[in-house]
Amino acid sequence: MSRLRDAIVDAAAGRDGEDVRELVGSARTVVLVEGVSDVAALEHLAVRRARDLHAERVCVVPMGGATSVGRFVELLAPRGVRMAGLSDRGEWQFYVRALDRAGLGTDGFFVCDADLEHELIRALGVAGVERVIDDQGDLATLRTFQRQPAQRPRSAEHQLHRWFGSIGGRKERYAGALVDALDLDRVPRPLDDLLAYA
């Protein structure tokens, strides 16, 4: 599945690489997500749900942002690929437009309110998220961030959301850790529904 993922990403970006047409038949489902943090969350949840996405021929593809979804759908739809995906609430119109242009519906595509980080913070609660951050050795960094004048008037949930996005790679690192900390009956519905569909 990693070869197919790389080929899809390269083809959607207009780069030469392996031929998607030769590899696409190896996948049962291609899951389109906005970024690598979404991949990490879905893969960690799959492990917790005793699913082997590779063995099940599920290819999870980070698009590098929702505005790219049209290129990915245009690439995959003519090849009859079964697609699924995860979107932030504010980006949903890009998915709807791309799927509509391809003559497809939105079955298999799920929407986070407002985004995956928000969903995970709500599911774990502030104290639960801070325990994960403490376990990762970053609680002092979070506290320093929260003391910044721009952050003080914001809610704890908003501070956490901003902190996750304040340094490159942090969202990806924490997406899996937050999913690992969840009670399985508290998994955000869009993420759980996506895994079930895939």
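Is Ala50 buried or exposed? At 70% relative accessibility, Ala50 counts as exposed, because the cut-off for this class is over 50%. The legends below describe close-up views of a predicted model.

**Figure 1. Ala50 and Arg57 in the loop between α3 and β2.** Ala50 belongs to the loop between α3 and β2, and the place of Arg57 is also in the loop between α3 and β2. Most residues other than glycine have a negative phi. Phi of Ala50, however, is positive, near 60 degrees. Arg57 likewise has a positive phi near 60 degrees, and Arg57 is a residue other than glycine. With a relative accessible area of 36%, Arg57 is partly exposed, whereas Ala50 is exposed.

**Figure 2. Salt bridges of Arg51, Glu56 and other charged residues.** Side chains of opposite charge can pair when their charged atoms come close. The count for this model comes to 10 salt bridges. One of them joins Glu56 to Arg51, with the closest N and O atoms 2.7 Å apart. This pair qualifies because a salt bridge requires the nitrogen and the carboxyl oxygen to be within 4 Å. Glu56 is partly exposed, with a relative accessible area of 24%, and Arg51 is partly exposed at 22%. Both residues take part, together with Arg28, in a network of salt bridges. Another salt bridge links Asp10 with Arg15, where the closest N and O atoms are 3.0 Å apart. Arg15 is partly exposed, its relative accessible area being 46%.

Figure 3. Asp193 and Arg189 form a salt bridge in which the closest N and O atoms are 3.1 Å apart. Both residues lie in helix α10, which covers residues 189–197, and they are 4 residues apart, about one turn of the helix. An α-helix has 3.6 residues a turn, so residues three or four places apart point the same way. Asp193, at 24% relative accessibility, counts as partly exposed.

**Figure 4. Strands β1 and β2 with helix α3.** Strand β1 (residues 29–33) and strand β2 run parallel and are joined by 5 bridges. Within this pairing, Val30 has Cys59 in β2 as its bridge partner. Together with helix α3 (residues 36–48), the two strands make a right-handed β-α-β unit. In a regular strand the side chains alternate between the two faces of the sheet. In β2, Val58, Val60 and Pro62 lie on one side and Cys59 and Val61 on the other, and all are buried. Strand β2 (residues 58–62) is largely enclosed by the rest of the structure, because 5 of its 5 residues are buried.

Figure 5. Strand β3 (residues 83–88) runs parallel to β4, and 4 bridges join them. The chain passes from β3 to β4 through helix α5 (residues 92–101), a β-α-β crossover that is right-handed. From strand β4 (residues 109–112), Phe109 and Val111 point one way and Phe110 and Cys112 the other, and all are buried. Ser87, found in strand β3, stands opposite Val111 in β4. Ser87 counts as buried, because its relative accessibility is 1%. A polar atom of the Ser87 side chain lies 3.4 Å from the backbone nitrogen of Trp92.

Figure 6. Most peptide bonds are trans. The bond joining Asp113 and Ala114 is cis, with omega about -5 degrees. Ala114 is found in the loop between β4 and α6. Asp115 caps the N-terminal end of α6, one of its side-chain oxygens lying 3.3 Å from the backbone nitrogen of Glu117. At Gly125, α6 bends by about 105 degrees. Several residues of α6 are buried, among them Leu116, Leu120, Leu124, Val129 and Ile133. After α6 comes Gly137, whose phi is positive, near 80 degrees.

How values were computed:
Residues numbered from 1 in each chain as written. Heavy atoms only, no water. Salt bridge = Lys/Arg side-chain N within 4 Å of Asp/Glu carboxyl O. Buried < 20%, exposed > 50% of the residue type's maximum accessible area, 1.4 Å probe, protein only. Pairing = 2+ DSSP bridges. Right-handed = clockwise from strand over helix to strand, strands pointing away. Bend = angle between axes of the 7 residues up to and from the residue. Polar contact = N/O pair within 3.5 Å; in protein donor to acceptor, adjacent residues only side chain to side chain.
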